[in-house]
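Please read it alongside the model.

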Amino acid sequence: MSHSPKPVKKVPLHLQSAQNRVYIKNGQVVNDDGMFKADVYIEDGIIKFVGPASEINVPGGVRVIDATGRLIIPGGIDPHTHFQFEFGGAVSVDDFYHGTRAAVAGGTTTIIDFVMPNKGESLIDAYHKWRSWADPKVCCDYALHVGVTWWSKLVSDEMKILCQELGINSYKMFMAYKGLYQLNDSDMLDSLERIRELGALAQVHAENGDIIAKNAGKLLNAGVTGPEGHEMSRQEEVEAEAVHRACILAHQVDCPLYVVHVMGKSAGIELARARRRYNNRGIYGETLAAALGTDGTHCHNNCFHHAAAHILSPPLRSDPTTPEFMMRLLANDGLQTTGSDNCTFNKEHKELGKGNFTKIPNGVNGVEDRMSVVWEKGVHAGILDPCRFVAVTSTNAAKLFNLYPQKGRIAAGSDADIVVWNPNVTRTISKDTHHHNCDFNIFEGMVCHGVPEIVLVRGRVCVEDGNVRVAEGFGRFLSTPVRTPYIYDVLEGKVPAEQSNGDGKAAGGVNGGVKSLNFDALQKEVTYQKPISHTLLSSAYDVGSQAKPQSPTGLKHVDGARNMQESTFSISRK
């Protein structure tokens, strides 16, 4: 079997200096399980010491960083990116260089991208293709998930090779994108069983693809062709139903499940219910910077380019209270991680869907701004504490994908992926200053308290004083071993779910600053929302004919006995 080409290392002189030894003093170290004042000494890319200054003799010729008034936190881990990804007739403009450069600029020092085989394509061939794209370009360390986009004995056999020989421990299935990636329930069950046999982690894009396809056809026939049709075709319950079904399918074969990009309140409720139902055993959830920092009202903007720039799947929800709701789910461990789903397209790419919203390439930015958005909307807003911030932006992902404690922790022996975070200064997000290769930023104008002042990637200072200096090809591929303890110690009954610390030891408060969920107000049924067919029949649109001359944004709120955006699911603010 052929191997991927070795990375091309183009490390400039400024990264070959005495930066192999760095001493960070006077800072406040923040891990997911505690904060304490300590100095940190780094040598050859590894943290060698964490503790009081009185307990270390610092050698000469060391780069000294004064972190007075700053926090010393683990570099962020973004578990969900799509760099250099072909979708809808276009290729995302953030490739592995631009994407990882933007990540480092924002304080993220590890990304996990997705290998996406075409239907019928060898998973191993697709894996090597992604490695050949990434290895010469990445500016920080990276790992890979692999998509299961079709099912056969060959796919099953190749999954074993990927786990045992090629460093893969997670597989993503799709319940949406009918005719492209969507698996039926039978194939999903077979895939889930195989993933459990291999000791890996299943991931799922949870939306009901059959309903979406049917709704999209009805909307297009009724003359709803603009970006507003995207969310209308995939209402909240369409996501919530798929989350519910995915959790049951996984539970039936005792397979751990990670639900990616949970975007709506009702989907978040279903995930929290499943975690409660299964005693926090084997069900995990991720939301996105986009879901925390903006909302779906932008998809109804009169400017096509503005609206189309906000299109992703599942969609941003139009209820403006959704971001805070999702943040509170993170605070209460209803959700565990934050990703970006960074998949950026420019104006000319989004225009491929002009006149037909189903052809708009899906994707937004987020890999650079994820850390600042979560701090602003979480810590600065008083919803998260700094420990929980570290958990949901770094440590929990490291534990779930078996990178911990190499990544996701400030401790002796861990990689020196470190951010010196200043919580007292602000920055304003803008497409004019971001490091992406795209022409739009969905967080445009947001003022964020909390800035990554200094970013170290394996001990090398790559961000300082607003300057980003990275080396193309400096990043390494990270092999992710199967049977991650954080998951499988719980599944196998070695430790209780609430005590799993990812290292085989019991420890309370693993996720940092977790508050309690109030389940008393959980409704037993998903709240009612009128289906699209009823909405179209009672609206200005006549099914099967062209639209009357009203703005299609008039359909952005679907009438019903109860609004899907309203829920009695309560999260304690205490």
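**Salt bridges and a modified lysine**

Lys-407 and Asp-415 form a salt bridge, with their closest N and O atoms 2.9 Å apart (a salt bridge is a side-chain nitrogen of Lys or Arg within 4 Å of a carboxyl oxygen of Asp or Glu). The model is predicted: local features need pLDDT of at least 70, side-chain atom pairs count only at pLDDT 80 or more, and totals for chains, interfaces and linings use all residues. Residues are numbered from 1 along each chain as its sequence is written, and side-chain values use heavy atoms, leaving out hydrogens and water.

**Salt bridges**
- Lys-407 is buried at 2% relative accessibility, and Asp-415 is buried at 7% (buried means under 20% relative accessible area, exposed over 50%, partly exposed in between, with a 1.4 Å probe and protein chains only).
- A network of salt bridges links Asp-141, Lys-407, Asp-415, Asp-417, Arg-458 and Arg-476.
- The whole structure holds 32 salt bridges.
- Asp-33 pairs with Arg-409 in a salt bridge, the closest N and O atoms being 3.1 Å apart.
- Asp-33 is partly exposed at 43% relative accessibility, whereas Arg-409 is buried at 17%.

**Lys-172**
- UniProt, in an unreviewed entry, places the feature "modified residue: N6-carboxylysine" at Lys-172; such annotations may be inferred rather than shown by experiment.
- Lys-172 is buried, at 2% relative accessibility.
- Residues in contact with Lys-172 include His-80, His-82, His-205 and His-261, not counting residues up to four places away in sequence (contact means heavy atoms within 4.5 Å).
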